[in-house]
2 protein chains.
Amino acid sequence: MMRGGPSTTSRKEPRMNQADDGVGELQLSPEAMRELGYRAVDALVDRWSALPDEPAWRGGSRAEMDARLGPIAPPPEGPGDPDTVLREAIESVLPQAARIDHPRFFAFIPSAPSWMAVLGDFLATGFNVFQGTWLASAGPSRVELEVVEWFRGWVGMPEGAEGVLTSGGSVANLMAVVMAREIAGNPDSPVVYLSDQGHSSLRRAARLAGIPAEGIRVLPTGPDLLLDPDRMRRAVAEDRRAGSVPILVCANGGATNTGRVDPLAPLGRTARELGVRLHVDAAFGGFAALTDTGREALDGLGDADTITLDPHKWLFQPFECGCLMAREPGELTSVFGVQAEYLQDTELGDEQVNFGNRGVQLSRSFRALKVWMTLRTHGLDAIRRGVDHGIQLAERAEARIRSSETLELLSPATLGIVLYRFVSDRGDAEAIDRLNRRIQARLIESGYAMVSSTRIEGRYALRLCILNPRTSWSDVEGVLRRVEALGVELSGLTGRSIEAR
Amino acid sequence: MMRGGPSTTSRKEPRMNQADDGVGELQLSPEAMRELGYRAVDALVDRWSALPDEPAWRGGSRAEMDARLGPIAPPPEGPGDPDTVLREAIESVLPQAARIDHPRFFAFIPSAPSWMAVLGDFLATGFNVFQGTWLASAGPSRVELEVVEWFRGWVGMPEGAEGVLTSGGSVANLMAVVMAREIAGNPDSPVVYLSDQGHSSLRRAARLAGIPAEGIRVLPTGPDLLLDPDRMRRAVAEDRRAGSVPILVCANGGATNTGRVDPLAPLGRTARELGVRLHVDAAFGGFAALTDTGREALDGLGDADTITLDPHKWLFQPFECGCLMAREPGELTSVFGVQAEYLQDTELGDEQVNFGNRGVQLSRSFRALKVWMTLRTHGLDAIRRGVDHGIQLAERAEARIRSSETLELLSPATLGIVLYRFVSDRGDAEAIDRLNRRIQARLIESGYAMVSSTRIEGRYALRLCILNPRTSWSDVEGVLRRVEALGVELSGLTGRSIEAR
């Protein structure tokens, strides 16, 4: 019954196995598996080593991709050569992308995984773990229990609080909204409160969960861009007077735009007082709780009813790895548990957790392994210093921007994020927006760094998000210096006109 | 700026990099990465080669797992040895699980990935592709467009129909319900119809989407276990008379319990006539459309408004890989699209698809690569024969059960699934249920095979689900023979008493 032995068709190229029961053709010989596997490892090691000297981003239009890969066509009927397929993926497909883990990838939210995490995912995939039920994954489920217990301690939730790993923050946020609605008994006119600085996934989550449009209340923030507990209190009172049922306030534990953290402790007290649940979207920022700076900024985080965390952001994990933590034991299962006759074999008692009953997925991969392998290899101290590194580089960038003649700080360094722009006294507000957009485009084109933009108080803002432990100060300073130089060049400013300002 | 060079601390063990900017400690040297990577490859090749001689399942209680791994404890503060961590994962964690891809894993829905798919996932992880936007993943997004175009052709949806890869069928089913609700304009009393043979994830999906409990209508099936279009028509009429708004009928394109396919063509006609959407949950069964038998069984599939497919089931992919196909162009984006200021750089025109706008995830991994690499390597013909292989083995199992003195067929072979039980004239119905449960337990304990059970018309049923191309007839026959032998042994029947029956 041992399959996968060397092929007998060709001694020279023992690639494909001979058909056995008509299907051996879907197998490769162990020799071929090993050789192709080594080549995949080599390709990744080469990529990681060369990364800092590569552009931080490479893209192309649909037409350019079709030119490279050929127009979209049906798959081949017969077999192809695995070496060629592997090479095409490595050379023509995968590099045509943002290098999210490049030391000068400062756009959106970067993600710089550890190698042990990548190997953890590879092993979980190759063992093809089904992590929906304890019966099917005792070892993996035990590891997930351990990892969510670590998270519980880090975010300061009480003992007994439970968690589950998800595909990412979007699904975790969706779960938080669904829980609030279900636990409130599915009222007719539920209201969910979001900050105008909340992540887009929260609005989508509320919509997916069937919260009516008039029940998705976006609360405006003040000049500090923070959710004000008093404003929340007034909104809740107003909605209650109007006969609606406020069920959930979503706060930012590190807003994607600015990195800022809503006043979690006061929000938590107000929410409890008002009998409304508090969810904190700490997708990228939550792991800052490992550092002194972050713990202070996130004060009150553990009082939330639910918390979204994304280990694939600031815990140095590859995509995908999200998490929802829930304060009250049993809540996750009571909302998400399923029963089915074909699952009757999986009921094993409370000590054994069926993680498929704690979230939206039944078929689940083993996401906890990568986290577990990373922490066991590098230790918590190194992770802590890695997070702190990003926080400190952003603070240094802020100081550098403040001391610049031509850069304007738009939002101070908070949890690794700084907003700024090039300013010129030539042209109106719109001209300055256009100028910064051109600076950004030129910087990206140069391949030196990938930076993205946002808007703050209506102004076009360049944004630095610094999470990668491989990023050095010279990477950050190099971007600021280039923005200054490009600004001068593109605005037609000369050294003299700068001095004259 | 080149990081990741060999460590200078120890020439003998160049494992960890020296700190650089305080964070090099999170890196490994290229030599260490390569060596650990090769070891992961070796471990997987060894596992795959040895698989048929291993038990099909290994598990343990929470207490047993704690005994093996130690009680749950905080992660270490300092670094550990990566070799040890890798070994612990490979030896103590990963094997304590169901071997879903074992040739004698017949429980639930098996999954037998191709090696090229595993390598595809490994590469996607190691390149850390963010596949939410075209800007961040031109090459990967182009490949996803190609893969969903293949699926569109296979399921028979018209040109222009769109798709998106998901974490699995649960999320795809959720999306189908949300789409129906949104496209119906979010009526006050929506009704979703499920078959009593529908997958548990559909009920959960309706609940997550905020369909009120009284709007989740489970339609009973007749003795054929199929959804009857006339019953559906009557239910819709009744609900409309009562003032509710029927929005969606969910049909099975291969029920998990039995493999049976609802009458899709008549259901599609009726749904169109009634102005209700039709969703087909073809998570495992949909890829049977590649074969003659399957295409016939799935007649009408392409007329559905939405279809769930799980490439991680019958397309030989590892977890996770699901898909939602939508017939009407633009529907996915109109329901799931998001906008945010920090994403303003990602708007690139219609030819360039932001896949994060087609589903529930913004951060997404590159799931299409594994499908693409599998099909390019093995070709469509081999895939087709692989699917056919499972269908044929199940048919042969059905014949074998029919000819057995002691086995009773409970549901004929359909898309790889057969239900049966051991029968004895000793004892009542409950005793027979108990006997079959004991047979199942003994078979699993023996390590020979993993089989699960379900209920059909109230009777405890043993279930064979055969999807693995590595499974041979002797694997299937071996299970049936052992069930017969265990039944005789456990019921106290002797050869004589069997003859006397």
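Predicted model: local features only at pLDDT ≥ 70, side-chain atom pairs only at ≥ 80, totals over all residues.
Now go over to chain A. Phe319(A) and Glu320(A) are joined by a cis peptide bond too, with omega about -5°. Glu320(A) is likewise in a loop, the one between helix 11 and strand 7 (322-326) of chain A. Here's some background if this is new to you: most peptide bonds are trans, and most residues other than glycine have a negative phi.

Asn186(A) isn't a glycine, and yet its phi is positive, about 50°. To find Asn186(A), look in the loop between helix 6 (169-183) and strand 2 (190-195) of chain A.

Okay, zooming out to the two chains. Two copies of a chain are related by a rotation about an axis and a shift along it.

Now, how do the copies touch? Chain A puts 173 residues into the contact, and chain B puts in 173 residues as well. Of the interface residues of chain A, 100% are also interface residues in chain B, so the copies meet through the same surface.

How much area do chain A and chain B bury between them? About 15,200 Å², with 62% of it on carbon and sulfur atoms. On the chain A side, the residues that lose the most area to chain B are Leu26(A), Phe127(A) and Tyr342(A), but together they make up 6% of what that side buries.

Next, the polar side of this interface. Between chain A and chain B there are 16 salt bridges, along with 79 residue pairs in polar contact, both residues at pLDDT 80 or more. If you sort the residues on the side of chain A that touches chain B, you get 87 nonpolar, 49 polar and 37 charged.

Let me show you one of those bridges. A search of the whole structure finds 76 salt bridges over all chains. Here, the side chains of Asp42(B) and Arg34(A) meet in a salt bridge, at 2.9 Å from N to O. Asp42(B) is in helix 1 (residues 30-50) of chain B and Arg34(A) is in helix 1 (residues 30-50) of chain A, so this pair joins two chains.

Last stop: inside chain A. The domain assignment gives domain 1 (130-338 + 349-364) and domain 2 (379-500). Taken over C-alpha atoms, the centres of domain 1 and domain 2 of chain A are separated by 31 Å. The two do touch: 24 residues of domain 1 of chain A are in contact with 25 residues of domain 2 of chain A.

The area buried between these two domains of chain A is about 1,800 Å², and carbon and sulfur atoms give 69% of it. Which residues of domain 1 of chain A lose the most area to domain 2 of chain A? Asn257(A), Trp314(A) and Phe316(A), which together account for 34% of what that side buries.

Helix 10 (292-297) and helix 11 (311-314) of chain A each supply at least two residues to the domain 1 side. By class, that side has twelve nonpolar, ten polar and two charged residues.

Methods
Residues numbered from 1 in each chain as written. Chains lettered and ligands numbered in written order. Heavy atoms only, no water. Contact = heavy atoms within 4.5 Å. Buried area = accessible area lost by both parts, 1.4 Å probe. Salt bridge = Lys/Arg side-chain N within 4 Å of Asp/Glu carboxyl O. Polar contact = N/O pair within 3.5 Å; in protein donor to acceptor, adjacent residues only side chain to side chain. Nonpolar A, V, L, I, M, F, W, Y, C, P; charged D, E, K, R; others polar. Domains from an automatic or database assignment. Helix = DSSP H or I, 4+ residues; strand = E, 2+ residues; numbered from the N terminus.
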